[in-house]
Every structure is written in structure tokens, then in C-alpha cells.
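My notes follow the structure.

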Amino acid sequence: MKISNKRDLKSVLESEGFSFKKSLGQNFLIDDTVCPRMAEAVSGENVGVLEIGPGAGVLTAQLSRACKKVVSVELDTRLKPVLEQTLSGCDNVKIIWNDILKVDLKTVLAEEFGDCDTINICANLPYYITSPVIMMLLESNLPINKIAVMVQKEAADRLCAEVGSRDAGAVTVAVNYYATAKTLFGVPRSSFLPPPNVDSAVIELTLRDKPPIEVKDEKHFFRLVKACFAQRRKILLNTVCNTMGISKDDFRSVLNKAGISETVRGETLTMEQLAAISNALCK
């Protein structure tokens with residue numbers, strides 16, 4: 001049996017009475033040309049990998065061969081008998097049946113990867129939880145080196161955009177604060193079962209040792225960032241003042257001192273400019 005073959009995989013799923021749930025955003029990665037490339041992005045000597053959403057186990061099996069240990073977190077317990085078949089022989093794989101957003105990841109990583117030199121994360125995320133999961137991983141101060149994740153191509157473009165460019169958004173700023181981001185390769189919709197209505201891409205996030213900018217108050221900084229992109233096409237002066245309750249005179253003064261035009265739009269600001277504005281507003 002070759003589980004990356006649609007016919008064989010469908011046979012396994014049907015034999016266990018499994019049916020896809022749209023509410024869980026289930027599109028299983030089955031492409032045996034994509035999975036090795038994803039595994040390669042996070043593999044290495046004495047590396048442990050936390051996988052989010054093993055699906056039918058095609059990527060999990062590749063990770064098992066490329067890494068010292070794999071721990072996969074899966075919400076849908078209906079996949080238990082499926083993964084027992086597809087991961088037969090993968091003795092270095094452990095499945096945790098839980099919601100990734102509810103798991104105590106610091107404890108899991110400490111307990112499961114204590115004998116690994118490096119911990120990486122690999123995931124084929126349902127599109128509807130892409131941003132929440134990525135931000136949870138970045139904000140949790142986990143002892144991880146990098147994240148290789150499959151996302152919708154449009155999301156990949158935004159996550160990996162240059163801050164200050166037209167494709168950037170609030171999530172772009174947040175990702176750049178914690179990590180460096182790059183797109184590794186595109187993935188056609190035919191690589192999934194069932195195929196989604198959009199194409200995907202694999203991106204790599206390498207965690208920074210420290211942020212590229214200095215901010216006085218992280219919560220205030222990200223509140224400002226959110227306000228800047230709330231109405232991205234409108235003038236920053238109006239958007240931020242209305243959202244954050246700042247007087248226009250005070251905000252004009254901050255912009256002038258930072259050498260930023262009063263007619264600037266939030267989407268055009270660099271990380272350094274955003275930090276300068278946030279720090280000036282913090283009292």
C-alpha cells in the first residue's frame with residue numbers, strides 16, 4: 001500500500017468508515033513529492049519535530065524517516081484507526097489527541113523532546129485557523145528553531161511580505177517581530193484529498209533571538225499595529241486617533257518628530273517607523 005496514492009488512501013479511509021468534515025477544514029496532504037521537501041525543511045541530526053494536524057499520516061511518515069522523534073497533535077479522534085494503519089512501523093511517532101490551541105506546548109516540548117538538540121514545528125494547517133495557530137506559536141516563547149507550515153497561497157504572500165509593502169498586513173508585522181519569513185515553494189490544489197478550491201504554499205519561519213526593533217511596551221506596539229491596518233487605505237492620522245482615542249494634535253506632533261508625513265497610510269510604514277510611533281506614544 002502506498003498511502004500517497006489517492007486510490008490506496010481512499011481505500012484505507014473507506015475501510016475505517018472515515019468521512020471528511022468541512023467544519024474541520026480537512027484537506028489531507030497526499031503528494032509524495034511535497035512531503036519530503038517539507039520534511040527536509042525541518043529535519044536534521046538529533047532534531048525533534050512537533051507536527052500539527054497529521055491528517056492521513058503521509059507527511060508524518062516522511063518526518064519519521066527524517067527526524068529523531070515526531071509528536072503529532074490531532075483533534076479528530078476518528079483518525080485513530082486510519083493512522084494506526086498508515087503509520088505502522090513508525091516507532092518514533094507519538095500522537096496527542098487534542099486541540100493544538102488548548103495544548104500546554106511548553107510542557108509537551110519539555111517532556112517529549114528533552115533528548116533532542118533542536119525542536120522544529122511542521123504543519124499542514126486548516127486555512128481557517130492559520131493565523132491563530134501561527135501567532136500562538138510565535139507568542140508563546142517556545143524553545144523552537146523554525147516552523148515549516150503549509151498555508152493558503154494568499155496567506156503565504158501576506159505572511160512573507162515586506163513590512164511597508166502593499167501585500168503586508170498586521171499579521172506581517174507580528175510575524176516579522178518574532179521571526180524571519182520566506183516562501184519555500186508553491187503547492188497545487190491537486191496535492192490534497194479532497195482538493196481545496198485554492199492553491200497553497202509552504203513557508204518557513206525562523207525564530208529570532210530578539211526582535212529587530214526595540215519597543216517600550218509590546219502590548220501597546222501591537223495595539224498600534226492593529227489600529228494602523230484596521231482601515232488600511234485611510235490616512236493613518238484618522239485611523240489611529242479614532243481607534244486608540246488619541247488627540248490629533250498629539251499624534252501630529254509624534255509624526256512630525258519622527259519625520260513621517262501627516263498623510264501617510266499605515267500600510268506603508270516600516271517596522272522602525274511603527275516602533276518609533278509606538279515608543280513616542282507610550283508614556
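How many nonpolar, polar and charged residues are in the lining of the largest pocket? I count 18 nonpolar, seven polar and three charged. Ala, Val, Leu, Ile, Met, Phe, Trp, Tyr, Cys and Pro count as nonpolar, Asp, Glu, Lys and Arg as charged, and the others, Gly among them, as polar.

I note that this is a predicted model, where local features need pLDDT of at least 70, side-chain atom pairs need 80 or more, and totals for chains, interfaces and linings use all residues. Residues are numbered from 1 along each chain as its sequence is written, and side-chain values use heavy atoms, without hydrogens and water.

**Largest pocket.** I looked up its space: about 450 Å³. Of its 28 lining residues, Leu24, Gly53, Glu74, Asn124 and Pro126 are the closest to its centre. A pocket here is an open set of points on a 1 Å grid over the protein atoms alone, where a 1.4 Å probe fits, with protein on both sides within 12 Å along at least five of seven lines; lining residues have an atom within 4 Å of a point. A volume is the space filled by probe spheres set on the points, which are joined across faces, edges and corners.

**Second largest pocket.** Its volume is about 300 Å³. I find 15 lining residues, with Leu138, Asn141, Tyr178, Leu207 and Arg208 the closest to the centre. The lining divides into eight nonpolar, two polar and five charged.

**Helix contact.** Phe251, Val254 and Leu255 in α11 meet Ile277, Ala280 and Leu281 in α12 (contact: heavy atoms within 4.5 Å; helices: DSSP runs of H or I, at least four residues, numbered from the N terminus). I see six nonpolar residues in this contact, no polar and no charged.

Definitions and conventions. Helix = DSSP H or I, 4+ residues; strand = E, 2+ residues; numbered from the N terminus.
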